[in-house]
Amino acid sequence: MKVGAKRKAYSSSTGRVAEVRFVRAARKKGLLVTKSSHTEDRHEHIDYWLAMDNESRWGVAGKGNNLSDENWAEFKNGAGKRGRSYGGGSIIAFVTPQGGGLT
């Protein structure tokens, strides 16, 4: 397996874990969490929708796999297109190794 493929597999697996942790933490805070559609995720870079009621909601882009002393913003994705920094989400949720949750 090439280095790039190993990195992609690692990033994908840690990303799934980060999503599960994010959903659990948000629900624990009493927020309504809905998975975005495939189109919203792929083209608008929204992973989840958060809401406090059925009236308003916020798009969330989740970013896992960060180091304890840095967070990466994705300006260009792996396909060479605009990354999550240009997405429709109003919130970016970073998961860091310290294991901190939503506060």
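The largest nonpolar core of this predicted model has eight residues, namely Phe-22, Val-23, Ala-26, Val-33, Tyr-48, Leu-50, Val-60 and Ala-93. A nonpolar core is here a set of buried Ala, Val, Leu, Ile, Met, Phe, Trp, Tyr and Cys residues joined through side-chain atoms within 4.5 Å, and buried means under 20% relative accessible area, exposed over 50%, and partly exposed in between, with a 1.4 Å probe and protein chains only. Helix α1 (3–28) and strand β2 (48–51) each supply at least two residues of this core, and α1 gives the most, with three residues. In soluble globular proteins, nonpolar side chains tend to be buried together.

Because the model is predicted, local features need pLDDT of at least 70 and side-chain atom pairs count only at pLDDT 80 or more, whereas totals for chains, interfaces and linings use all residues. Residues are numbered from 1 along each chain as its sequence is written, and side-chain values use heavy atoms, with hydrogens and water left out.

**Overall build**

- The protein has two helices and four strands, which follow one another from the N terminus in the order α-β-α-β-β-β; helices (H or I, at least four residues) and strands (E, at least two) are DSSP runs, numbered from the N terminus.
- Of the 103 residues in the protein, 24% are buried.
- Among contacts between residues at least 6 apart in sequence, 49% join residues at least 24 apart, where contact means heavy atoms within 4.5 Å.
- The protein exposes about 7,500 Å², and carbon and sulfur atoms supply 53% of this area, as computed by the Shrake-Rupley method with a 1.4 Å probe, with only the protein chains shown counting as cover for residues.

**The aromatic pair**

- A search of the whole structure finds one aromatic pair; rings of Phe, Tyr and Trp (its six-membered ring) pair if their centres lie within 6.5 Å, and planes under 30 degrees apart count as stacked, over 60 as edge-to-face and the rest as tilted.
- The rings of Phe-22 and Tyr-48 have their centres 5.9 Å apart and their planes at 45°, so this pair is tilted.
- Because Phe-22 lies in helix α1 and Tyr-48 in strand β2, the pair ties together parts that are 26 residues apart in sequence.
- Phe-22 and Tyr-48 are both buried, and both are listed among the residues of the largest nonpolar core.

**The salt bridge**

- One salt bridge is found in a search of the whole structure, a salt bridge being a side-chain nitrogen of Lys or Arg within 4 Å of a carboxyl oxygen of Asp or Glu.
- Lys-35 forms a salt bridge with Asp-41, and the closest N and O atoms are 3.4 Å apart.
- Lys-35 counts as partly exposed at 40% relative accessibility, and Asp-41 likewise counts as partly exposed, at 21%.

**The loop between α2 and β2**

- His-45 is found in the loop between α2 (38–44) and β2, where it is buried with a relative accessible area of 8%.
- Phi of His-45 is near 60°, a positive value in a residue other than glycine.
- The C-alpha atoms of His-45 and Arg-82 are separated by 9.4 Å, although the two residues are 37 residues apart along the chain.
- Ile-46 also has its place in the loop between α2 and β2 and is buried, with a relative accessible area of 1%.
- Ile-46 and Ser-36 are ten residues apart in sequence and 6.4 Å apart in space, C-alpha to C-alpha.

- Met-52, Trp-58 and Ile-91 form a nonpolar patch on the surface, with about 290 Å² of accessible area together; patches are made of residues with over 30% relative accessible area and no salt bridge, like charges being joined within 9 Å and nonpolar side chains (Val, Leu, Ile, Met, Phe, Trp, Tyr) within 5 Å.
- Met-52 lies in the loop between β2 and β3 (57–63) and counts as exposed, at 61% relative accessibility.
- Ile-92 is found in strand β4 (residues 91–94) and counts as partly exposed, at 42% relative accessibility.
- Ile-92 touches Ala-61 and Lys-63, not counting residues up to four places away in sequence.
- The C-alpha atoms of Ile-92 and Asp-47, which are 45 residues apart along the chain, are separated by 9.7 Å.
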